[in-house]
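Morning, everyone. Please bring up the model on your screens, and we'll walk through it together.

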Amino acid sequence: MVDLGDWNQPLAPLFSNERYQKIRRFLIQEYSTHTVYPDMYDLYNCFRFTPFRDVKVVLLGQDPYHNEGQAHGLCFSVREGVPKPPSLENIFKELESDLGYKPPRTGDLTKWAKEGVLLMNTALTVRAHEANSHANCGWSWFTDSVISLLSEQKEHLVFLLWGGNARRKVSLIDQSKHLILQCAHPSPLSAYNGFFGCRHFSKTNEYLRSHGIAPVDWNLNE
């Protein structure tokens, strides 16, 4: 089993489940016969970089970027030196509008992950150049289970649900003890339908402060 630090215990029932074993067999076949993103060693980076005990915010993406060199296991994020995709550019525009932080030079969101923002896609893998190609391999069961266990075992989390795919997860979250912020996806196709102006970054920090939790430092320029 992959060592994921303090995630090992909460995720153990999932990793031992036959449904996960089916995902694993599927991935062994896919990685051996196709180009799949992210690299298998980056597959669980969202858990590696954000320990279970530190999760404050859950930001859901859909599936990984499917072009070469982009995906590295954190939703919306690309590695240093990789051009920022349009959705990420729009996220940075909203961040500047909301909190005044200039768009950073890099699209690497690892700092947010280390601040307690779980950057999880609802499907953790994708075939090269084939969006949503792994959407039906079982990942939705796995990531839905992660959302449910976070809802059950943590208190006062903020769930950022951007776009229809993420917003369908509302029923998995206990709204009596967590904050759910919903809006349109930051994609250029939908950002003007409610993503721009949502102010989710400041609203997240207002909620965290109100419950005695240190706010997220969203500034990537430091």
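I'll take the sheet, then the helices around it, then the core.

Some ground rules. This is a predicted model, so I keep to its thresholds: local features need pLDDT of at least 70, side-chain atom pairs count only at pLDDT 80 or more, and totals for chains, interfaces and linings use all residues. Residues are numbered from 1 along each chain as its sequence is written, and side-chain values use heavy atoms, with hydrogens and water left out.

The sheet. It is open, has four strands in the order β3-β2-β5-β6, and pairs in parallel. β3 and β6 stand at the edges with a single partner strand each, so one side of each has no neighbour in the sheet. Neighbouring strands are turned by 20° against each other on average, direction ignored. Strands here are DSSP E runs of at least two residues, helices are H or I runs of at least four, and both are numbered from the N terminus. Two strands pair if DSSP finds at least two bridges between them.

Now β2. Is it enclosed or open to the outside? Five of its five residues are buried, so β2 is largely enclosed by the rest of the structure. Buried means under 20% relative accessible area, with a 1.4 Å probe and protein chains only. V57, L59 and G61 point one way, V58 and L60 the other. In a regular strand, side chains alternate between the two faces of the sheet.

Its partners. β2 pairs with β3 (residues 117–121) over five bridges, parallel. V58 has L118 as its bridge partner there. With β5, β2 makes four bridges, also in the parallel sense. Here L59 is partnered by L160. V58 stands opposite F159 in β5.

On to the helices. α6 (residues 139–153) packs on the sheet and touches β2, β3 and β5. Contact means heavy atoms within 4.5 Å.

α8 covers residues 200–210, and H200, F201, S202, T204, N205, Y207 and L208 are buried in it. Those buried residues pack against β2, α4, α5, β5 and β6. After α8 comes G212, with a positive phi near 70°.

Last, the core. A nonpolar core is a set of buried Ala, Val, Leu, Ile, Met, Phe, Trp, Tyr and Cys residues joined through side-chain atoms within 4.5 Å. The largest one has 71 residues, and W139 and F142 are among those with the most contacts inside it. α6 gives the largest share, seven residues. What does F142 touch, leaving out residues up to four places away in sequence? L14, F15, Y20, I23, Y44, F47 and L124.

Terms used. Buried < 20%, exposed > 50% of the residue type's maximum accessible area, 1.4 Å probe, protein only. Axes fitted to C-alpha atoms, helices over the stretch in contact; angles between N-to-C directions.
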